[in-house]
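Please work through the exercises below with the sequence and the model at hand.

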Protein chains: 2
Amino acid sequence: MNRVADRLIETLKQEIHTGVLKPGDQLEEATLAQRFAVSRTPVREAVRSLVDSGLLETRSRKGAFVRALSAKELIDLFEVAAELEGLACRLASERLTEQSRELIVLGMETCADAAEREDVTAYASANLQFHRAIHRATGNAWLIEQLAEIETRVNPYRSMPYSIRGRLPQSAKEHADILQAISNGDGTDAARLMRDHMMLQGKRVPLLLQHIE
Amino acid sequence: MNRVADRLIETLKQEIHTGVLKPGDQLEEATLAQRFAVSRTPVREAVRSLVDSGLLETRSRKGAFVRALSAKELIDLFEVAAELEGLACRLASERLTEQSRELIVLGMETCADAAEREDVTAYASANLQFHRAIHRATGNAWLIEQLAEIETRVNPYRSMPYSIRGRLPQSAKEHADILQAISNGDGTDAARLMRDHMMLQGKRVPLLLQHIE
DNA sequence: TATCTATTATATGGATACAGATAAAATCAA
DNA sequence: TTGATTTTATCTGTATCCATATAATAGATA
C-alpha cells in the first residue's frame, strides 16, 4: 500500500526493537532521507507514525528522539501487561484447541531447554514464543494487538542483566505451571499464575533501567 | 507543535465520535483539503494518523473510509475493556485519594440523577464521567490512555437503543455498588463488579450493531 | 568576564508539482 | 445486448520548494 513509508516504519521499529537505536538517540529527517535514499516526505510520515505510536518523541525543532521511558511509565506498562497477559491465559484456557495447545507446549519446551543450557539469548526469544502462542490462542485480535504493542515498547529495556540468569529455571517452571492450568481449563488459576509471573518482572524495573544506560 | 495536522485530527476524531461521520463514510484527501482550506500535506498526515489508530481504513485508490467494526471486533474490544475497567477499579481502590473519590462520587450521582429522569443523553455523558473518574484515580497513565482509545473506538456504536432505557436505574445501581467497593478498599470485589457491569454491555453488541445501520 | 541581545543558520511544517497505478467508463466485437 | 478490452480520468504516493520558528553563536555592553 504505502510502500516506502511503511518500509521505513518497519525498519525503524526493528532497529529500535533490536537496540540498534537506543532510547535517547536522535533521528533527523534529512539524514534518514539520505540514508534510505528517499525524499523527506515518506520519512516524515514514518517519523510521525512512530511518534503517534509512542516509540519516538519530538523536541521542538530538534528532531525526533527514540523515546526513553521513565521508571514510572515502565511500571504502569507492566501493570497493564500483567493484567492483559492474565486475561489472555483465561481466554486461552476457555478456547484452547489442540493446535494452539501444541504451539504453547512448544514454546514452553523451548524455554525449558534454553533455561537448562542457561542460554539467555535463546531464553529471551523462547519466552516471546511462549507468550505469543498464548496470545494467539485467545482468538481476540484486539488483545493480541495490544499485547504486541506493549511488547514493542518494553522490549528495548529487556536486555537481561546477569542477575536474572539465576531465575531462568524458576521462570521456566512457572511457564510449565501456567500451561498446566490452561490445559486443565482452569482459567482463573491460569490468569492468577500469569499475573504473578509478570509482576515478578515488573519488580525488576529499576534493574532494567539501570542496565540500559 | 504540528498545528494544522493536529487540528485536523482533533476535528475528524470529534466528527467520528459524535456521529457526524458514520462508519462507512468516505473521506477524500482533496475534498478535505478544500474543506479546511489547507494543502494535502497536513490532510495526509491526519488521515494517516487516523488510519494508524484504527478509526479509518484505506481501500486501494478509493480513499479513506470511517472504519466499521464487525460484531467480532466489538466483542473483542468489550472483552479487553471489561478487564481493563476491572483493573482500573482495583488500582483505584488501592490508591484512592479524597479528591479522586469525590470526582467518582460526583459521576455516580450525576448518573443516578439522569437515570431517575430517564434522560438517555445525559446518562450517556454522566456514564463517561463516572468511568473516567475511576480511570484517573488509578494514576496509571498508560491504562488511562488505553481506556480512552477503546472509548473512542466503541463510542460511534453507542447511540442507545430504546431497549436500554429500562436498564438505566439498574446500571446506576451497579455504579453505586462499584463505588462502595472502591471506597471500602475492596479491590477484588470492585474489579469483579465492574467486569460484570461491562460484560452486560458486551452482551448487547448485536443490538448496538443493529441500531447503527 | 559574564550576561543579554541580535543575527544567522538550520530543521521542521506546509504548499505545490509530478508520476504512477487503478478504477470506471466507453467503445467495439461477438 | 452483453462482455471484454482499451482508454481516460482521478486519486494516491513521492519529490521539491518555500516560509517560519527556534536554537546556537557571536558580539556588545555592563
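Predicted model: local features only at pLDDT ≥ 70, side-chain atom pairs only at ≥ 80, totals over all residues.

Residues are numbered from 1 along each chain as its sequence is written, and chains are lettered from A and ligands numbered from 1 in the order in which they are written.

**Exercise 1.** Determine where Glu118(A) lies and whether Glu118(A) counts as buried or exposed.

Solution. Glu118(A) sits in the loop between α5 (98-117) and α6 (120-137) of chain A, helices being DSSP runs of H or I with at least four residues, numbered from the N terminus. Its phi is positive, about 55°, although Glu118(A) is not a glycine. Because Glu118(A) has 12 C-beta neighbours inside 10 Å, it counts as exposed (12 or fewer other C-beta atoms within 10 Å, placed from the backbone; buried needs 20 or more).

**Exercise 2.** State how many residues each chain gives to the contact, and which element of chain A gives the most.

Solution. Chain A provides 20 residues and chain B 19 residues, contact meaning C-beta atoms, placed from the backbone, within 7 Å. On the side of chain A, α3 (40-52), α4 (71-95) and α7 (141-154) each supply at least two residues. The most come from α4(A), with eight residues.

**Exercise 3.** Identify the residues that come nearest to DNA strand C.

Definitions and conventions. Near = placed C-beta within 6 Å. Contact = placed C-beta atoms within 7 Å.
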